[in-house]
Amino acid sequence: MHKIESRNVDFFYGETQALHDISLSMKENTVTALIGPSGCGKSTYLRLLNRMNDLIDNTRMEGSILIDQKDIYLKNTNVDDLRKNVGMVFQKPNPFPKTIYENVAYGLRVNGIEDKKIIEERVVTSIEQVALWDEVKDKLKKSAFELSGGQQQRLCIARALAIQPSVLLMDEPTSALDPISTSKIEELIHELKNQYTIVIVTHNMQQAARVSDNTAFFYMGKLIEYDKTKTIFTKPAIKQTEDYITGRFG
Ligand SMILES: Nc1ncnc2c1ncn2[C@@H]1O[C@H](COP(=O)(O)OP(=O)(O)O)[C@@H](O)[C@H]1O
Ligand SMILES: [Mg+2]
């Protein structure tokens with residue numbers, strides 16, 4: 001049974017087709033890396049999984065995407081609920097201009113949770129989940145901007161987790177971070193996959209190899225190859241994949 005299932009997905013920005021016939025499925029509690037050169041459609045595909053592309057004018061999708069066996073593009077889909085279930089973390093840490101505590105609590109309130117006790121419990125649990133608690137427990141009332149970039153990114157992950165999603169989308173979540181913060185996030189991804197299904201875009205191939213179970217190689221809007229990460233990095237079936245992972249282009 002697949003957690004996420006894409007069938008023959010085409011996607012257009014105006015007249016320009018950015019994705020061609022993508023069929024790609026992911027099992028629950030796995031990490032899937034999306035790799036490929038800049039502009040090949042990785043972020044576009046990722047954003048389709050929680051209908052973030054709906055926010056861009058003049059775009060169109062064909063094909064279908066199912067999450068938990070439900071077509072998320074049906075007319076009666078509740079997009080707010082979908083985005084609660086499918087959380088997202090971006091390339092640049094984007095905390096709200098609020099306190100560390102409020103960054104997580106505010107997200108909960110926006111999503112209709114008002115019980116103070118529940119909020120407090122979720123704030124603590126999710127900050128613990130991202131292994132940030134010891135670093136921030138004495139300054140929860142300080143601005144999130146006082147944290148380092150890596151801490152801000154972990155806070156943004158905590159904010160996403162507090163909503164209790166089952167899928168976590170990450171678009172190059174460490175590309176703005178130093179190596180130590182990067183390895184903390186990678187460890188975290190490893191922990192989180194016990195509870196979440198994770199899809200991560202990365203242009204860092206070592207990172208894809210380290211964190212993912214499966215890897216999908218995109219090139220010019222097409223899915224060229226999708227397999228176990230180990231296979232992609234040791235015995236890819238397609239020459240374009242091999243050329244990319246060995247650094248011959250991209
Ligand atoms: N908002 C947008 N409007 C128009 N074209 C876009 C938009 N976002 C991305 N594209 C185009 O779609 C293609 C895929 O982009 P993207 O998904 O961002 O690639 P990647 O994440 O692999 O670098 C590129 O040609 C890009 O220029
Ligand atoms: Mg991108």
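These legends walk through several close-up views of a predicted model.

**View 1. The residues around ligand 1.**
Let us start with the ligand and its neighbours. Ligand 1 is surrounded by Tyr13, Ala18, Pro37, Ser38, Gly39, Cys40, Gly41, Lys42, Ser43, Thr44, Arg47 and Ile56. Sorted by class, this shell holds five nonpolar, five polar and two charged residues. Which helix gives the largest share of the shell? Helix α1 (residues 42-48) does, with four residues.

**View 2. Polar atoms that meet the oxygen atoms of ligand 1.**
Here we look at individual atoms. Threonine 44 has an N or O atom in its side chain that sits 2.5 Å from an oxygen atom of ligand 1. For serine 43, a polar side-chain atom lies 2.8 Å from an oxygen atom of the ligand. Glycine 39 takes part through its backbone: a polar backbone atom of this residue is 2.7 Å from an oxygen atom of ligand 1. How much of the ligand does the protein bury? Taken alone, ligand 1 exposes 560 Å², and the protein buries 58% of that.

**View 3. The cavity found in the model.**
How many cavities of 30 Å³ or more does a search of the whole structure find? The search finds one, and the space in this largest cavity is about 30 Å³. Its lining is made up of Met88, Val89, Phe90, Asn94, Gln153, Cys156 and Arg159. Strand β6 (86-89) and helix α6 (149-162) each supply at least two of the lining residues, and α6 gives the most, with three. By class, the lining of the cavity has four nonpolar, two polar and one charged residues.

**View 4. The largest pocket.**
Next comes an open space, the largest pocket, with about 530 Å³. It is lined by 22 residues, and the closest to its centre are Arg83, Met88, Asn111, Arg159 and Ile163. The elements that give two or more residues to this lining are α2 (79-85), β6, α3 (100-110) and α6. Helix α2 provides the largest share, four residues. In terms of class, the lining of the largest pocket divides into 13 nonpolar, five polar and four charged residues.

Around it you will find Ile67, Asp68, Lys70, Asp71, Ile72, Leu74, Asn76, Thr77, Asn78, Asp81, Leu82 and Asn85. Strand β5 (70-71) and helix α2 each supply at least two residues of the lining, with the largest share, three residues, coming from α2. What classes of residue make up this lining? There are four nonpolar, four polar and four charged residues.

Is serine 181 buried or exposed? Serine 181 counts as buried because its relative accessibility is 12%, and the cut-off for buried is under 20%. Its side chain makes a polar contact with the side chain of aspartate 178, at 2.8 Å.

Technical notes: Residues numbered from 1 in each chain as written. Chains lettered and ligands numbered in written order. Predicted model: local features only at pLDDT ≥ 70, side-chain atom pairs only at ≥ 80, totals over all residues. Heavy atoms only, no water. Near = heavy atom within 4 Å. Polar contact = N/O pair within 3.5 Å; in protein donor to acceptor, adjacent residues only side chain to side chain. Areas by Shrake-Rupley, 256 points an atom, 1.4 Å probe, with all protein chains shown as cover. Nonpolar A, V, L, I, M, F, W, Y, C, P; charged D, E, K, R; others polar. 1 Å grid on protein atoms, 1.4 Å probe; cavity = no way out; pocket = protein on both sides within 12 Å on 5 of 7 lines; lining within 4 Å. Points joined across faces, edges and corners; volume = space filled by probe spheres on them. Buried < 20%, exposed > 50% of the residue type's maximum accessible area, 1.4 Å probe, protein only.
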